[in-house]
Amino acid sequence: MVAIVVAEKPSAARNMASALGGPKGSYKGTAYEVTNLRGHLYEFAQPHAMVDSSLADSYQKWDLGNLPWNPQDLSWKREPQKNVADVIKTLRAALGRGDEIVIATDLDPSGEGDLLFWEAVDELGFHGKQFSRMEFTDESKASIQKAFEKRRPVTSMQDEGDYRKAMYRSQWDFLSMQFTRIATAMGRQSGQDLVLRQGRLKSAMVSLVGDQQKAYEHYVRKPFFQSRFRDENDVMYTNPEEPRFDQQSQVPQQYGPSPVVLDGKADKKTAPPKLLDLAALSSMLVGKGVKANLTLSTYQKMYEDQVVSYPRTEDKTITPEQFKDLAPLVDKIAAVAGVDTALLTHRQPRSTHVKPKGAHGANRPGPKVPSSLDEVEHKYGKAGRLIYETLAKNYLAMVAEDYLYEQQKGHVEKYPDFVGIANVPKGPGWRAVFDPDAGDDSAGGDENESSKGLGQTAAPFVFEGANKRPEHPTMKWLMKQLEKRDVGTGATRTSTYSEVTSDKAKYPLLSEKGRKLTLAQAGEMSWRLLPGTRIGNLGLTEKVYADMRDIAAGTATAQERLAVVADWVREDIATMTKNAASMRAELGLKEAQVTARAEGVWQSAPGGPKKVAFKKTWSGHEFSDDEVAKLLAGEKISFSATNKTGRPCTATGALGVGVYKGRKFVGFQLEVPDKPTKWSGRTFTPTEVSALLAGQALVIDDFVSARTSKTFGCKVSWDAKTKKIVPDFGSGDEPPRSWCQVVFTDAQRKDLAAGKTIEGKGFVSAKGKTFDARISWKEEGGKKKIVPSFG
């Protein structure tokens, strides 16, 4: 019997192979082989590929009339991700060799590890095997060995609560594409051809940033004046009951200087800040000029080289084993980061930072310690240097002492309601190692910190204060808001933030300038469409997570909880329609003309009859009901229309499949003539048609420009493949066939080509004036052209 251990990714497979004694072998009497996934190997197919062919067209089109979707229509078909064919091939072979398949993917609250394992098993068709689950707190040797020995038997995919809840979340997020289609349709109805992406996390980001930006921009300073005291050490004494006044002159001068009374002293301490997740790390680096996407890509390379830990962890602490693994490396890490090891005297695990739970542990330095920050920068660039230095100092702060200070409290002797506090530093502790607010001007500090403590005498003064201005949105601010509301994980927040702020995105939602964050054009429109919507509700994630818990516990099913999405889509269509009207008024946009559409079954559609919808107008002509019926029946129709130049013409054609901006569509397709008939205002004679069809090129001097109505001459030929007239205006080295509405004879063109100057009469200028001139064919400005001379 062989147990195939399936890890989530190559690095985890290496750790498991190391713990068990190699990539394959026997551990305590059980033969095993380690293989791995590479995250999600499969993803859901596009909606139209998941439904019956009769419904495909309506699921592919972004028309609001095709919403909401019915989840029961969807097969939830998957397809391989890009560039994973080799991983799938290796995995299939390994699973085929096993008698037991061991689930060794991550254990995380979202159940994602179970989902990516079971979707691979499902697609590869290995449900008939014996399954078990390794449950480990981390990827240390001891944890892996214990988990392998005590692996839990698993009956089936559907019996696993973690799989059920993760599958539900995945399906919910897929169905949320409908909200993107609604918002995009509202934008297009407002004349804006943008894709307005909506989703639980994207919409939350847009709502938060938009609301905060509005609060910041609409801030009105309201000053107040109040009596306070200040001593010679600059410590301030305040009375919360002291009245505030609108004008400085209104403040009564009723106080005088007074001694200060020390009420007491107390030693206080502050523990080191928590370990970083990707969102917090990236927020710090944005202020140093490193974009979130660069942090993500650089961190991934460093992780693959084991210089830093696993990036996409949800853990905020590390396990005792992980603490133990890095303990021997602390001094080496400190030397690289430029931290004095004399500060690192708290070498025992802190209960606030080290807990016996988790998988990957919080972000931290990896087992391979570089020789210097210069080495890191040489290999991974400036971003790599900042990543390692920040992670190292944050981790080392944990093994430094607490920050110690003495808190002194006192009052003004003559006016005891005025109280002051001074926090006097006594030991810098971890603050000498790591500053979490370095370079962040908005972070503020301890306003009561004082190196001297309370003074001896306090004097009254008039304090000018004001209502606090809302903070300008930044990545750091946004990540704190999302974390507070439990929307997304640190890694997911960072990757989504990178996506919505990317300079390479066609329709970015947010714009980042330095630390400041604002709504981009698409974000501005999205924000105005979101008020009152379901997808814009910041409590939506909490609802989805509650559903996940119920589904994992078996008290609800995904089908039951997904059924509500259709009602939410209907509600959001109505709400966004109302919001769109307000948006147009506020942004000065006009409602776009909605193109009338015809619907029916196209009898001669490729692949057989199918239901279609197409534009009911073409080049200024609106199809009658009879014409629509003929088009759906596969017949040709002819009608009077207007060509691109505004001239009347007769159009003949039938319903067909066209392509616009890379997308296929069903619509009226103009019939392409089998032979040349006319071009540029001139009808060809039968003799000319025969010559063109025979492949001859003709020189014709009386074509008429549709734009200027001017006569011109050129050589033309017939392209039998495209069925189009191809004009030839010369190579650029030969004189043109006409100039200023005068057509040259062959003799005149020959003289011009020979460098001669010829007399010309009856030329017509662009303004319509007739003139005579001597002309020649010369090079001017690096290009040959007709050059006139007068007199």
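Colleague: Which residue in S27 stands opposite Val-704?

Modeller: Val-704 faces Thr-711 in S27. This is a predicted model, in which local features need pLDDT of at least 70, side-chain atom pairs count only at pLDDT 80 or more, and totals for chains, interfaces and linings use all residues. Residues are numbered from 1 along each chain as its sequence is written, and side-chain values use heavy atoms, without hydrogens and water.

Colleague: How many bridges link S26 and S27?

Modeller: S26 and S27 (residues 711-719) pair antiparallel over 5 bridges; pairing requires at least two DSSP bridges. Strands (E, at least two residues) and helices (H or I, at least four) are DSSP runs numbered from the N terminus.

Colleague: What is the strand order of that sheet?

Modeller: The order is S26-S27-S28, in an open antiparallel sheet of 3 strands. S26 (698-704) and S28 (724-728) are its edge strands, each pairing on one side only. The twist averages 50° from one strand to the next.

Colleague: Turning to helices, at what angle do H1 and H5 cross?

Modeller: The axes of H1 (residues 10-20) and H5 (residues 141-149) cross at roughly 80° and come within 9 Å. Axes are lines fitted to C-alpha atoms, for helices over the stretch in contact, with angles from 0 to 180 degrees between N-to-C directions. H1 is therefore roughly perpendicular to H5 (65 to 115 degrees).

Colleague: And S32, how many bridges join it to S33?

Modeller: S32 (residues 770-780) runs antiparallel to S33, with 7 bridges. Among the residues there, Glu-779 has Lys-784 in S33 as its bridge partner.

How values were computed:
Angles under 35 degrees count as roughly parallel, over 145 as roughly antiparallel, 65 to 115 as roughly perpendicular and the rest as oblique.
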